[in-house]
Amino acid sequence: MSSVLGSATTSQNPTTAGAYRPISSHLAITPPVSVVIPAMNEAENLPYVFKTLPDWIHEVVLVDGNSTDNTVEVARDLWPDVKVVGQRGKGKGDALITGFEACTGDIIVMVDADGSADGNEIVSYVSALVSGADFAKGSRFANGGGTDDMTFIRKLGNRALCAVVNRKFGARYTDLCYGYNAFWRHCLDKIDLDCTGFEVETLMNIRVVKAGLKVQEIPSHEYLRIHGTSNLRAVRDGLRVLKVILKERSNRRALRRRSHPSPMLDTVRGEVS
């Protein structure tokens with residue numbers, strides 16, 4: 001896996017300089033970065049989203065959730081090389097899985113289409129990955145992060161669910177239900193996503209810990225949605241997140257029992273044989 005952070009000077013060998021993507025006058029990377037944006041009727045917000053995306057990224061994959069406005073047309077006007085993928089099913093999880101499958105970059109960044117995420121933060125996520133992390137997890141509650149969009153009830157629910165995940169899975173997260181994350185593409189083989197709704201973010205956070213991947217939290221600021229209303233429903237989706245946590249905990253216990261049979265069972269097997 002190639003991953004290089006170094007000086008982006010003009011003295012590079014002409015035969016290899018094309019492999020580097022300048023980030024600034026002093027920084028360059030080699031891994032191609034794909035940005036996945038799930039969108040449904042977000043035409044008014046996309047100008048704000050695309051305006052902050054760095055020009056050094058490898059590709060933008062827009063997953064269209066059967067929009068009835070001109071979301072696709074606006075995306076193509078703003079980013080002519082955008083790769084538009086039609087969503088097969090419904091839900092944010094399904095959209096992200098569809099987008100991940102379409103990515104060709106070594107690094108994948110997931111960004112919401114409502115204008116709440118600042119694309120300028122992508123460099124922090126990528127820097128964490130090329131410095132050794134497998135999964136760069138955005139956090140609104142890490143030192144330096146923040147949010148303009150969460151109600152008191154949502155903050156309380158997020159904190160409680162985060163505490164449960166930390167306790168049950170040995171994680172050390174400060175945020176749980178946040179959709180701004182980045183990871184090496186190979187991580188998808190180890191977390192095997194299989195959910196369709198907003199709970200996909202929680203599932204990813206749990207499975208990267210279960211897979212033993214190296215996680216680094218990135219302080220991130222979440223801004224208010226610019227236009228439209230969110231499909232997120234605090235109570236409904238909070239219960240779905242809790243259901244995922246309990247299911248993953250149950251699966252972990254079952255796996256542990258298979259890996260470490262009880263001494264009594266070993267004795268019975270010995271007598272039978």
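User: Before we start, what does buried mean here?
Analyst: Buried means under 20% relative accessible area. Over 50% is exposed, and anything in between is partly exposed. Keep in mind that this is a predicted model.

User: OK, helix α4. Which residues are buried there?
Analyst: α4 covers residues 122–130. Ile122, Tyr125, Val126, Ala128, Leu129 and Val130 are its buried residues.

User: What covers the buried residues of α4?
Analyst: Strands are part of the cover. They include β2 (27–29), β3 (33–39), β6 (107–110), β7, β9 (181–184) and β10 (215–219).

User: And just after α4, which residue takes a positive phi?
Analyst: Gly132 does, with a phi of about 130°.

User: Now α3. How many of its residues are buried?
Analyst: Ten of eleven, so by the under-20% cut-off this helix, residues 92–102, is mostly covered. The buried set is Lys92, Gly93, Asp94, Ala95, Leu96, Ile97, Thr98, Gly99, Phe100 and Ala102.

User: Zoom out. How many helices and strands in the protein?
Analyst: Nine helices and eleven strands. The protein has 273 residues, and 46% of them are buried.

User: What share of the contacts comes from residues 24 or more positions apart?
Analyst: 73%, counted among contacts with a separation of 6 or more.

User: Which residues make the nonpolar surface patch of about 350 Å²?
Analyst: Phe152, Ile153 and Leu156. Ile153 sits in helix α5, residues 152–169.

User: Why is Ile153 called exposed?
Analyst: Because its relative accessible area is 57%, and the cut-off for exposed is over 50%.

User: Switching to charges. How many salt bridges are there?
Analyst: The count is 13. Side chains of opposite charge can pair when their charged atoms come close.

User: Start with Lys83. What is its salt-bridge partner?
Analyst: Glu59, with the closest N and O atoms 3.4 Å apart. This pair links distant parts of the chain, 24 residues apart. Lys83 is in strand β5 (residues 83–86) and Glu59 is in strand β4 (residues 59–64).

User: What about Arg140 and Glu222, how far apart are N and O?
Analyst: 3.1 Å, in a salt bridge between the side chains. Arg140 is in the loop between β7 (135–139) and β8 (146–147), and Glu222 is in strand β11 (residues 221–222), so the pair ties together parts 82 residues apart in sequence. Arg140 is buried. Glu222 is buried too.

User: Which residue does Arg207 meet in a salt bridge?
Analyst: Glu248, at 2.9 Å from N to O. At 12% relative accessibility, Arg207 is buried. Glu248 is buried as well, at 2%.

User: Which residues are linked with them in a network of salt bridges?
Analyst: The network links Asp194, Arg207, Lys210 and Glu248.

User: Leu203 is around there. What does it touch?
Analyst: Leu203 lies in α7. Setting aside residues up to four places away in sequence, Leu203 touches Leu193, Asp194, Cys195, Val244 and Glu248. Leu203 is ten residues from Leu193 in sequence, and their C-alphas are 7.5 Å apart. Leu203 counts as buried because its relative accessibility is 3%.

User: Last one, Arg249. Where is it found?
Analyst: In helix α8, residues 234–259. Arg249 is buried yet has no salt bridge.

User: How far away is the nearest side chain of opposite charge?
Analyst: 11 Å, and that side chain is Glu248.

User: So what does the side chain of Arg249 reach?
Analyst: The backbone oxygen of Lys168, at 2.9 Å. Arg249 is in contact with Lys168 and Phe169, leaving aside neighbours within four places in sequence.

Technical notes: Residues numbered from 1 in each chain as written. Predicted model: local features only at pLDDT ≥ 70, side-chain atom pairs only at ≥ 80, totals over all residues. Heavy atoms only, no water. Helix = DSSP H or I, 4+ residues; strand = E, 2+ residues; numbered from the N terminus. Buried < 20%, exposed > 50% of the residue type's maximum accessible area, 1.4 Å probe, protein only. Lys, Arg positive; Asp, Glu negative; His and termini not counted. Salt bridge = Lys/Arg side-chain N within 4 Å of Asp/Glu carboxyl O. Polar contact = N/O pair within 3.5 Å; in protein donor to acceptor, adjacent residues only side chain to side chain. Contact = heavy atoms within 4.5 Å. Patch = residues over 30% accessible without salt bridge, like charges linked within 9 Å, V, L, I, M, F, W, Y side chains within 5 Å. Areas by Shrake-Rupley, 256 points an atom, 1.4 Å probe, with all protein chains shown as cover.
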